[in-house]
Amino acid sequence: MRKLLEYPLSYFLIFLIIGIIFQFYTSIWNYSINFLFLLFGTLITILFFYDKAKRTFTLISYFLFFFLGVSVTYFNNPKNKPDYYEKFTNENSIAVLTIQKVLKPGNYYNKYVANVTQVGTEKTTGKVLLNIQKDSVHNSLQIGNQLFLKPEFKELIPPLNPYQFSYKDYLAKQHIYHQIFTSKNQYKKLNNSSFSLVGMSAAVRSKVQTSLRKYHFSKNEYAVINALLLGQRQEISKELLQDYTNAGAIHILAISGLHIGIILLILSFLFKPIEQFKNGRLIKSILIILLLWIFAFIAGLSASVVRAVTMFTFVAIGGSFKKKKIIEHSLISSMFLLLLIKPLFLFDVGFQLSYLAVFGIIWVQPLLYKLWKPNIWLLDKFWGLFTVSIAAQVGILPISLYYFHQFPALFILSNLIIIPFLGSILIGGILIIILSALNILPQFIADLYGWIISLMNKIVIWVSSKEEFLFKEISMSFNEMMVWYVFIFFGCQFLIHRNIKQLRYFLISIILVQSVYIFEAYQRNDKEELIVFHKSRKNLIGIRNSNKLKIYHNLDSNKVKTEKSIITYRVNENIKSKFSNKKPTLLKFKSDTILIIDSLGIYQFKNIKNPIVLLQNSPKINLNRLIKKLAPKQIVADGSNYKSYINKWKATCKKRKTPFYHTGQNGAYTIN
């Protein structure tokens, strides 16, 4: 690890990452390109004249890479370009959209990522989320198709409850800030289609999928083959996807570093004889890299595939030099290049998990493997695989708990059963694709491969069914995640070096973990709030007192325990909850009085002035009279009310200058 930290690019990468984070969260730099080049030129000049002063040289170098992180983040954002589509739109705008990516369809809409290539007569840039209403006779669009329409660019909907997954933020990290809703009769498909590598890849993949369908794979077999070899997970059922998640084997369905790494090892073994020839090592590396990128092309050139292949391209190049620590240096170099090209990869969960898993294997696995030396070859191989699985899990465990709040304890079992055969499954699948595309695939081989995939699915489903080994609702805050990584880092350092200095740092990391947990426990115990959660057609009111949450609701007693908004809040806040189906009509919280009016429309209370009025279940009331009588400080409508009522109340409140809050538009209403 020390040698890795001596690699100069490691420090440059750290400051590049700091610059990316700084620009993303502050948007501090809004400079012109002339100013950018002037500042770069000044820094380079200073470096040239101060090359003898190592400390000054180092500090300026770090600042240069910090500034580089800021600048690539700024220029990578299409909003900062003069031809960004939003600068040319108005109510009567006509636009041309080009389909860039096909997403998994929703219940009512087919979904796509589209480039806005033209607004009016202006050529533009920028991406939007395109929602096309489903139609029984509507054929789905393909990558490269161009549409002519009059769009209404709508803001993406933010999460409506605390800690809910923010699809808006997720898309913003892909520079998508608006969405369009349309239907078949509201756009015209143009005859010409734009050319792109991604479009070519989609066309090749479509032909492969057509050829595979001829061999009568079952629905689940075809869906897994599609995900495993072609990078397409749209056809996997929610149930099967959940089974793979619960079994700790979801990484098998997403083409990632695991798949590319296995293919790299197999290709390295197959091409090893080439090393005997002149420049054989170089030729071998070129062939491996070429084949990896061909696989990436067929798999759709998605962000995760490109990241994985880029990572192992550097590994393949580094391996040809046969130097120590070349894998670590190759990983740092690939991460540096990827972040230069796509800085917001840094915030992608897949990117974070991939690199943390690989670094976990590099640093932790050797320490675990040394604990035991089996004399039997087969046992040694299984021990090696076991330690690799544990090491990868150590690398990703804190961040996995932070994002997903669950831990599949049987992940080792599913990995030990499946991963040893994953190489054969991948190579066999690639041969299946080639033979089916050439129409020379024997049916019995297709049946055999389908049976293997079906067996893998059955193993995963069986492991997933052992729910007692799936630990859910594990709370992990961002601060806790960070200190656990500090603990893991210094723990590994101590196990490697075993000296007093590293022991001191390790003990400090333990104190740091304890301090964060004590501080967050204090914050939890000191917190009080009332929350009106948003729930369509239902009522959910939570009163938080210290580390307890009481929920008033009108849900079914079994459904309320699995209500996602409650679970998400409870897990992220690390508190307990209890439920009551007796809805109150009047609540006191701190200095506020909350008057709850339901479908009966009754509010005969004396001596109530300036309450917060909560409207539920579309009560038929005269809101003008209520405002005149009670002078409420705030009127709140939850998700159980009709939209027509909401619009009427909103207009009345605007006229009477009374604050109006709708949870369906503004999200959960909170009183702290």
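The paragraphs below lead through a predicted model, from a pair of strand contacts to a helix, then to salt bridges and a surface patch.

Because this is a predicted model, local features are taken only at pLDDT of at least 70 and side-chain atom pairs only at pLDDT 80 or more, whereas totals for chains, interfaces and linings use all residues. Residues are numbered from 1 along each chain as its sequence is written, and side-chain values rest on heavy atoms, with hydrogens and water left out.

We begin with strand S1. Helices (H or I, at least four residues) and strands (E, at least two) are DSSP runs, numbered from the N terminus, and two strands are said to pair if DSSP finds at least two bridges between them. Strand S1 (residues 95-102) runs antiparallel to strand S2 (residues 109-119), to which 7 bridges join it, and a hairpin of 6 residues leads from S1 to S2. In this pairing, valine 102 stands opposite tyrosine 112 in S2. S1 is also joined by 4 bridges to strand S5 (residues 146-149), again in an antiparallel arrangement, with leucine 97 standing opposite leucine 147 in S5.

Helix H7 comes next. Burial is judged by relative accessible area, where buried means under 20%, exposed over 50% and partly exposed in between (1.4 Å probe, protein chains only). On this scale 10 of the 12 residues of H7 are buried, so the helix is largely enclosed by the rest of the structure; among them are Glu221, Tyr222 and Asn226. The buried residues of H7 pack, by contacts (heavy atoms within 4.5 Å), against helices H6 (197-213), H8 (238-246), H9 (257-270), H10 (280-298), H15 (411-437) and H16 (443-465). Just after H7, glycine 231 takes a positive phi of about 70°.

Side chains of opposite charge can pair when their charged atoms come close. A salt bridge is counted when a side-chain nitrogen of Lys or Arg lies within 4 Å of a carboxyl oxygen of Asp or Glu, and the structure holds 9 of them. One joins glutamate 235 and arginine 213 at 3.9 Å, N to O, and this pair links distant parts of the chain, with glutamate 235 in the loop between H7 and H8 and arginine 213 in helix H6, 22 residues apart. Glutamate 235 is partly exposed at 38% relative accessibility, as is arginine 213 at 46%.

Another salt bridge brings together arginine 570 and glutamate 473 at 2.7 Å, N to O. Arginine 570 lies in helix H19 (residues 564-573) and glutamate 473 in the loop between strand S10 (470-471) and helix H17 (478-497), so the pair ties together parts that are 97 residues apart in sequence. Arginine 570 counts as buried at 13% relative accessibility, while glutamate 473, at 40%, is partly exposed. Lysine 272 and glutamate 275 meet at 3.8 Å, N to O, and Lys272, Glu275 and Lys284 are linked in a network of salt bridges.

Finally, Leu371, Trp372, Ile376, Trp377, Leu378, Leu379 and Phe382 form a nonpolar patch on the surface, with about 800 Å² of accessible area together. Patches are built from residues with over 30% relative accessible area and no salt bridge, with like charges joined within 9 Å and nonpolar side chains (Val, Leu, Ile, Met, Phe, Trp, Tyr) within 5 Å; the areas come from the Shrake-Rupley method with a 1.4 Å probe, and for residues only the protein chains shown count as cover. Leucine 378, found in helix H14 (residues 377-404), is partly exposed at 49% relative accessibility.
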